[in-house]
Amino acid sequence: MKKNILIGFFVSLMFFSASSSVFADYPVKVENYKQICQYNIDELAIRDLHYYKRKCLEKSVQKEYEVYFYLEKRHQNQGDLIYKQYYIKRKALASAYKKLKDQDKKILKKEVEKTQEKNIDDDSSVDKKLNGEAVSTQICKIPEMQYIRKDFYKGLTLSESFPNHFFQNQQIHITGRVKNKNVDFVTIFFTQHKETIFRETYAVTDQKFDIPVSFSAIEDFDIGIFEGTSGSSYIFPVYVEERKCGGKTSIKKTNTSKLTTRMSGDQVFITWKGTADFYKLDFVQKDKKISTFVSAQTYLADPVLFEGFVPGDITITLSSGQGKTLFSVREWMQGETIKKQFSQHHFSFIDEKKILIKRLPSNSSRGEKIIITGKLLDDTDEIAYIILPNGQVDSVKIKALGEPKVDSDSQKKYYTRGQNFTFEYIPQSSGTHIVEINHILGMATLNVPVYSLKKLPLIPDYKDLSQGEKSVKTEAQMKSVLYKNITIARTDHALKRLKRDISLEKLAQEKADDMVKRNYVAHISPTGEGANDLRRRYGIKSSVSENIAHNVNEHFAHEGLMRSAAHRGNILEEDWTRVGVGVAHKKDGTSLFVEIFSADELTDDSLFIIRKEIYRTLPGEYGKSLLVHSDLEKAADVWSKKMSDGGFFAFTDTEGKGVFSSLDQSQYGGRAGVYIFQANNIEAIKNKFKGIEAIEDNDIKNIGIGISHDDDGIIYTTLFYYLN
């Protein structure tokens with residue numbers, strides 16, 4: 001059972017108590033549990049005594065339920081009094097139940113072991129191994145089952161009753177119909193000690209619903225179901241027990257066949273054909289093994305169960321058994337075995353307020369185009385990102401009918417809200433590709449995995465295993481964890497370790513504190529300032545790039561940034577040489593995390609390297625050979641230097657001289673063209689050289705590039721080209 005705790009969800013539990021004086025007036029009378037539970041200690045082993053004490057309490061609680069239903073139906077006008085009194089009675093019973101359950105624990109354990117040793121048959125005396133523990137093949141002691149009534153839940157009719165006892169890793173399907181034709185959803189929830197520990201909503205089709213429930217944890221809890229997405233429900237108590245028994249496995253031929261797997265979205269279904277009462281699926285990977293139990297001929301795999309497994313081959317074996325309940329199965333007949341490849345499961349995120357998705361594939365294969373379509377509901381960055389199977393990051397432009405605009409602060413191109421868009425990408429390798437589309441301010445609007453067709457995504461990610469506890473660490477301790485995680489991530493990808501920079505850390509801390517103080521989460525502040533505007537206060541002359549996360553703890557913050565292609569790109573950027581981290585706590589217990597990256601300050605040598613990189617990438621960008629002409633390069637250097645020294649960005653200097661004044665007019669006059677670019681970081685300058693119309697449309701072979709920078713780290717670039 002997944003524990004998906006949802007904050008803000010409230011379920012009213014309608015079980016209360018009535019005093020003995022109230023009960024006396026009605027035909028159903030609740031006896032004291034001590035009077036109900038009569039037993040002869042001399043005739044019962046400690047194990048059985050403990051067992052019957054629990055069962056008697058359950059019987060007593062069940063009688064309390066029956067009384068309540070009677071009172072509610074016949075005497076609704078006394079509801080408030082009955083509710084209050086019934087609650088008190090049930091609370092007292094629950095307290096007694098817990099006390100009995102906990103007592104004599106050590107003695108009980110010894111008696112259970114002795115009883116198991118005596119009762120194991122000679123032909124099945126070898127214990128099986130399950131999850132590293134001995135699993136006895138003895139027949140289970142069948143508990144006193146109580147079955148839920150089909151009309152137990154208001155507004156619903158169950159197709160079949162289900163019991164109140166289950167094995168760990170058993171899965172059932174709660175199916176039924178809603179009475180109201182206008183109901184589109186039903187919601188199931190689990191509670192423990194009045195706290196909701198799981199809640200999920202399922203669609204209703206033709207008034208029918210099907211809810212798969214997996215009991216992965218050994219615990220007692222209550223199950224409620226109601227119509228719609230919010231409401232209240234009666235609750236039914238269930239008990240999940242560890243599998244320490246359950247019959248021997250036989251090599252006798254079973255009547256099961258066609259064991260197959262299929263995917264629907266990110267869900268993995270295992271299906272087969274058979275006529276048995278129950279089925280057991282064993283998943284084995286080297287020394288790891290788990291067993292799951294179902295009564296249907298399909299199993300919805302839960303990634304949570306596969307904690308400790310790793311991506312790769314896993315063997316799945318199907319066995320069948322007969323019995324009225326799972327506890328009464330005396331023998332498992334082993335059937336078909338298949339081998340499958342498992343891969344990492346990833347969570348999905350779509351901000352439905354900012355993007356409307358019409359087409360979204362759940363899987364793809366190498367060479368098969370991934371196509372995502374939809375409508376933009378807010379301003380969206382033209383560049384989308386993809387995390388590749390090897391962990392590296394790629395990018396591609398999304399397409400829309402209108403022309404993209406240019407953001408004045410970041411110089412990024414973006415599409416305005418209201419436009420239909422198309423994302424297309426052709427995978428060059430097999431494996432999971434994670435696609436990310438971002439708002440122009442940097443927040444992800446879509447972050448989804450597209451899985452390989454050949455692998456089943458069942459290895460749990462960090463969100464499958466934990467909802468995230470709010471951190472109790474100090475801001476300094478959280479910073480240390482983030483620095484460590486950044487280093488680990490870069491080391492895993494054979495990248496140099498970043499230096500911890502005090503100036504960058506001060507800048508990051510100022511940003512984190514400002515977001516808490518002014519209650520916003522964005523790269524640009526309410527007054528229009530970004531990290532590259534603020535860096536000058538701390539004497540930082542090179543451009544910076546920023547990661548921001550708002551999360552419950554430092555581990556979730558780092559994992560979330562690594563799941564975001566754009567933020568992951570920052571952490572794994574080769575050009576960065578230093579980093580600073582800031583953390584600020586919010587009143588609600590969450591925290592804001594800021595990571596600021598930068599390269600060493602620009603020098604003439606670094607500019608020379610940048611120019612060489614641009615020359616090297618241009619032929620691939622435009623599909624043609626381009627020759628570097630020394631005269632054009634010298635003229636470009638002169639103009640770039642003039643702009644950086646003079647503090648202007650234009651085709652005419654402060655003295656009125658034009659950009660072509662640095663060229664030999666007798667040789668190039670009338671046949672030369674020019675582009676000038678300005679940016680505050682190296683990556684932005686490189687991007688400026690993509691899609692230059694003159695190079696794309698004309699027969700140009702000769703170019704020259706000049707680069708310079710000012711004391712604030714602003715880079716000025718000039719490109720001269722010559723028409724043949």
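1. The largest nonpolar core has 28 residues, and those touching the most other members are Tyr-153, Phe-162, Ile-174, Ile-188, Phe-209 and Ile-223. Such a core is a set of buried Ala, Val, Leu, Ile, Met, Phe, Trp, Tyr and Cys residues joined through side-chain atoms within 4.5 Å; buried means under 20% relative accessible area with a 1.4 Å probe, protein chains only. At least two residues of this core come from each of β3 (156-158), β5 (170-178), β6 (185-192), β7 (195-203), β8 (208-215), β9 (220-227) and β10 (235-241). The largest share, 4 residues, is from β8. Strands here are DSSP runs (E, at least two residues), numbered from the N terminus.

2. The model is predicted: local features need pLDDT of at least 70, side-chain atom pairs count only at pLDDT 80 or more, and totals for chains, interfaces and linings use all residues. Residues are numbered from 1 along each chain as its sequence is written, and side-chain values use heavy atoms, leaving out hydrogens and water.

3. Leaving aside residues up to four places away in sequence, Ile-223 touches Phe-189, Phe-190, Phe-215 and Val-238, among others. Contact means heavy atoms within 4.5 Å.

4. Of the 724 residues of the protein chain, 48% count as buried. Among contacts between residues at least 6 apart in sequence, 69% join residues at least 24 apart.

5. Which residues lie nearest the centre of the largest cavity? They are Ser-543, Trp-576, Ala-599, Asn-681 and Ile-682, out of 14 lining residues. A cavity is a set of points on a 1 Å grid over the protein atoms alone where a 1.4 Å probe fits but cannot get out; lining residues have an atom within 4 Å of a point. Domain 4 (466-598) and domain 5 (604-723) both contribute to this lining, so the largest cavity lies between them. The domain bounds come from an automatic or database domain assignment.

Methods:
On a 1 Å grid over the protein atoms alone, a cavity is a set of points where a 1.4 Å probe fits but cannot get out, and a pocket is an open set with protein on both sides within 12 Å along at least five of seven lines; lining residues have an atom within 4 Å of a point. Buried means under 20% relative accessible area, exposed over 50%, partly exposed in between (1.4 Å probe, protein chains only).
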